[in-house]
Amino acid sequence: MIDLEKTLMDLCLPLVDDKEALSVKTMSTTNEHEILLYVYANSDDVARLIGRKGAMASSIRQMISIAARDIKKRVSVKFEAY
């Protein structure tokens with residue numbers, strides 16, 4: 001089984017300046033068919049991860065959903081600043 005937290009961390013790490021401030025957490029949801037991943041970083045790095053008009057965030061979400069195809073669960077990725 002793929003470690004989605006590590007995969008998301010590996011995707012986001014080259015895109016941020018402050019690599020120590022970057023963290024990825026899995027949060028619990030009431031829906032058993034959904035996995036919720038939160039990316040925490042500095043506000044400048046979160047802006048970079050979201051990108052203009054959300055283009056970068058959309059790409060990251062798409063890659064994570066492809067990585068999670070085998071587990072047959074919906075994966076949501078949220079971005080939060082410290």
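**Fold and selected residues of a predicted protein chain**

The protein chain folds into 3 helices and 3 strands, where helices (H or I, at least four residues) and strands (E, at least two) are DSSP runs numbered from the N terminus. Read from the N terminus, these elements follow the order α-β-β-α-α-β. The radius of gyration is 12 Å, close to the 12 Å that the globule rule gives for 82 residues, so the chain is as compact as a globular protein of that length; the radius is taken over C-alpha atoms, and the rule is 2.2 Å times the number of residues to the power 0.38.

Residues are numbered from 1 along each chain as its sequence is written, and side-chain values use heavy atoms, with hydrogens and water left out.

Along its principal axes, the C-alpha trace spans about 35 × 20 × 20 Å. Of the 82 residues, 32% are buried (under 20% relative accessible area; exposed means over 50% and partly exposed in between, with a 1.4 Å probe and protein chains only). The chain exposes about 5,400 Å², of which carbon and sulfur atoms supply 51%; accessible areas come from the Shrake-Rupley method with a 1.4 Å probe, and for residues only the protein chains shown count as cover. Among contacts (heavy atoms within 4.5 Å) between residues at least 6 apart in sequence, 61% join residues at least 24 apart.

Ser 23 belongs to strand β1, which covers residues 23-27. This serine counts as buried because its relative accessibility is 13%. Beyond its neighbours within four places in sequence, Ser 23 touches Met 9, Tyr 38, Val 39, Tyr 40 and Tyr 82. With Tyr 82 there is also a side chain to side chain polar contact of 2.9 Å, that is, a pair of N or O atoms within 3.5 Å; within protein, one must be able to donate a hydrogen and the other to accept it, and residues adjacent in sequence count only if both atoms are side-chain atoms.

Lys 53, in the loop between α2 (43-50) and α3 (55-67), has a positive phi near 55° without being a glycine. Its relative accessibility of 84% is why Lys 53 counts as exposed. Lys 72 sits in the loop between α3 and β3 (74-81), and its phi is positive too, at about 55°. With a relative accessible area of 72%, Lys 72 is exposed.

Key. This is a predicted model: local features need pLDDT of at least 70, side-chain atom pairs count only at pLDDT 80 or more; totals for chains, interfaces and linings use all residues.
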